[in-house]
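Try each task before reading its solution.

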Amino acid sequence: MTEEKKDNVKKVVKLEKKKKLADPVKASCDKASQEMIARAHELDVETIFDRNETLKPCNIGAQGTCCKNCGMGPCRLPLPKGGIEGKDERKGMCGATANTIAARNFIRMIAGGAAAHSDHGRGVAEVFLSAARKETDAYKIKDTDKLIDVANALGVATTVEVDGEELDRDIDEIAVEVGEVAMNEWGKSEGELLYLKRAPEARYETWKKQGVLPRNIDREIVEIMHRTHVGVDQDYKNLMKQGTRAAIADGWGGSMLATDLQDILFGTPSPLLSEANLGVMKEDYVNLIIHGHEPILSEIIVEVAETQEMIDYAKEKGAKGIQLSGICCTANELLQRHGVPIAGNFLQQELAIITGACDAMVVDVQCIMQNIANVAECFHTKIITTSPIARMEQDSVVHIEFDEHHALEDAKRIVKLAIDNFENRKAEVMIPKHKTPVVAGFGAESTEYHLGGTFRGSYSTLVDNIVNGRVRGLAGVVGCNNARTRHNEGCLTVIKELIKNDVLVLVTGCMGIACAEEGLLLPEAAAVYAGPGLAEVCETVGIPPVLHFGSCVDNSRILIAAAEAVKAGGLKDISDVPVAGSAPEWMSEKAISIGHYFVASGVYTVFGVTFPTSGAPEFQKYLFEDFEKMYGGMWDFEPDPIKHAHKMIAHIDKKRKDLGIDKARERFLMDIAARQEVEK
Ligand code: SF4
Ligand code: MSK
């Protein structure tokens, strides 16, 4: 073959490769998504599912052993086929070992995740303080009970002594001080995070013994960047110490503050009914989709979109009204508090636009794919960025910068823009019919109410049912979708297997949305999918076998629920509870930070898809085995969802055995400690 011909063949092959499209059924197990992927092909619109066919991940990067922390690299240390025999001699230019490189990369992921959650929290704290100081009319303190709880946790006085009499302190004064103390948690120069004392005492002591009590939120993240710079920390164990400190600062700091302050401002969620999946969009309505993570602006958008003025304006423009729906965790926030329907999770963001009915998608921060702007250009959809730290380079994107001081005006501009765009629809609208009813709005408080009752006001019913074996244990299944694996499948398989085996599952983030779409967030799901013990409990108290706990920052609700279960069970620590964590389809750095604060809090945690330390077996063993000796929780990796679920169940059973509650019992009220006493 002549050189010219060879070149032509190469070009054709390249073109063919470029054209390789995703198989909709292999790409997602969700029917609505399958229909929209096929629709994208009809319209010649490329999505992440197609890019998955042509863009393959770098094997060395996936193993965690590619370092590009200085200009002498990237230094790539692939794991030899057949593994390491004898001493691991692999080194980067500077001599950094595979363990050092993998540990540095791993804790940089923690830093990224902790920064994202915590910066979100800081934004909420700033708005909270503005509201408390009455600098804005758009926000008010909604949940004063929670304000008092948070004040107590932050050491803010809630009473005042007047003439020897203890009186309630002015609520506005408490709010201002709570805002100031909370803000200080990001950058105070002395002491440690105040929320650490919300963990069981034994957990706090473990952190102290291991030397990982976070000093302030920002410092722990900055220190990771310093330590992982070329030529600083070159001991994987010492690197992980800092990774652990930063992860705790996320879970028990930035994320927890974000959740608490949002609850005080916007209301603490309680169970409510809504719907999920792309079918919630309505052809004759203005479809405004909110996407990202921070509810600060979208809370006001909900308020504005529901005003008669805006509804009338939409009708003037030929629509029947305004249909608000959400993607990712902004959606979860609004679902939990207002019942705003969910249009989809991470992998459905492009698909919502491909319906041709999305008039505007307003985005804030995190998990927003840049490709939505390219997809939107094929339709009439306006993409509106709102955060000064999250803009897009495409000219078609509109930027309306949000500021809490003129929140109402910003929200009005956005809603109007969506309405004005209704008449510009150009493609034929095709909205999948699929949508599912959902019961959402759970959290540490509402679970206490449902499973403890107002009378007892604790987790005693839950603990009692764990003791008698009807509920085998608890699992937190959280995190993202990942286009490298079939959309929603890992999540749904793991969760169905868990509930079939009587494990009560708490979900957040995109896994919460996957469960919503599958109908697992309904009390009726218990009779279909749950084992007999769990089904009986769910039917008795009227809860679904899978409880939606909210957004990514709301994983902190799971920590508080676990701490409450420890108290109600008369146990010492979270590591004693029959509980396991999982992120079967993770992809974001935030998932790594969440996973690591679960582990550091004493929870056995399994990830699916891939694990970013597989190229450094010694370091991985440290995370997977040695961590348990130090923290009572450890990491694991299992891509097969059934095996994944059974690893979690085996861990739950081990904990049950350790507690002496591994045999089914008849129901009577006694905490685990009392039970152990009787059994002696
Ligand atoms: Fe290579 Fe060391 Fe530079 Fe990393 S820090 S890129 S291992 S020389
Ligand atoms: S949105 S971090 S894809 S859960 Fe919180 Fe979903 Fe993961 Fe983003």
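The exercises below concern this predicted model and go from domains to ligands, helix pairs and backbone details.

**Exercise 1. Two ligand shells**

Task: Find which residues come nearest to ligand 1 and which come nearest to ligand 2, then describe each shell by class.

Solution. Step 1: take ligand 1. It has 13 residues around it, and the nearest are C67, C70, C75, M93 and C94. Step 2: sort the shell of ligand 1 by class. Nine residues are nonpolar, three are polar and one is charged.

Step 1: take ligand 2. It has 13 residues around it, of which H293, C367, C480, C510 and C552 come nearest. Step 4: sort the shell of ligand 2. Eight residues are nonpolar, four are polar and one is charged. Step 5: ask where the shell of ligand 2 comes from. Domain 2 and domain 3 each contribute at least three residues to it. The helices α14 (328–338) and α21 (509–518) each supply at least two residues of this shell.

**Exercise 2. Helix α11 and its partners**

Task: Decide how α11 is oriented relative to α10, α6 and α26.

Solution. Step 1: start with α10 (residues 217–227) and α11 (residues 236–266). Their axes come within 8 Å and cross at roughly 150 degrees. An angle over 145 degrees counts as roughly antiparallel, so α10 and α11 are roughly antiparallel to each other. Their crossing is left-handed. From α10, the residues I217, E220, E223, I224 and R227 take part, and they meet residues of α11 including N238, L239, Q242 and R245. By class, this contact has six nonpolar, five polar and four charged residues.

Step 1: turn to α6 (residues 98–132). The axes of α6 and α11 are 8 Å apart, and the packing angle is about 20 degrees. Angles under 35 degrees count as roughly parallel, so α6 is roughly parallel to α11. The crossing of α6 and α11 is left-handed. The residues in this contact are 20 nonpolar, 11 polar and two charged.

Step 2: finish with α26 (residues 617–631). Here the axes of α11 and α26 lie 12 Å apart, at an angle of about 60 degrees. That angle makes α11 oblique to α26. The crossing of α11 and α26 is right-handed. The residues in contact are Y236, K237, M240 and T244 of α11 with E618, F619, Y622, L623, F627 and Y631 of α26. By class, seven of these are nonpolar, one is polar and two are charged.

**Exercise 3. Backbone exceptions**

Task: Say which peptide bond at P74 is cis or trans, and whether the phi of D44 is positive or negative.

Solution. Step 1: recall the general rule. Most residues other than glycine have a negative phi, and most peptide bonds are trans. Step 2: check P74. The peptide bond from G73 to P74 is cis, with omega near -5 degrees. P74 sits in the loop between β1 (66–67) and β2 (75–76). Step 3: check D44. This residue is not a glycine, yet its phi is positive, at about 60 degrees. D44 is in the loop between α3 (31–42) and α4 (48–54).

Methods. Residues numbered from 1 in each chain as written. Chains lettered and ligands numbered in written order. Predicted model: local features only at pLDDT ≥ 70, side-chain atom pairs only at ≥ 80, totals over all residues. Heavy atoms only, no water. Axes fitted to C-alpha atoms, helices over the stretch in contact; angles between N-to-C directions. Helix = DSSP H or I, 4+ residues; strand = E, 2+ residues; numbered from the N terminus. Parallel < 35°, antiparallel > 145°, perpendicular 65-115°, else oblique. Left-handed = near helix turned anticlockwise from the far one by under 90°. Contact = heavy atoms within 4.5 Å. Nonpolar A, V, L, I, M, F, W, Y, C, P; charged D, E, K, R; others polar. Near = heavy atom within 4 Å. Domains from an automatic or database assignment.
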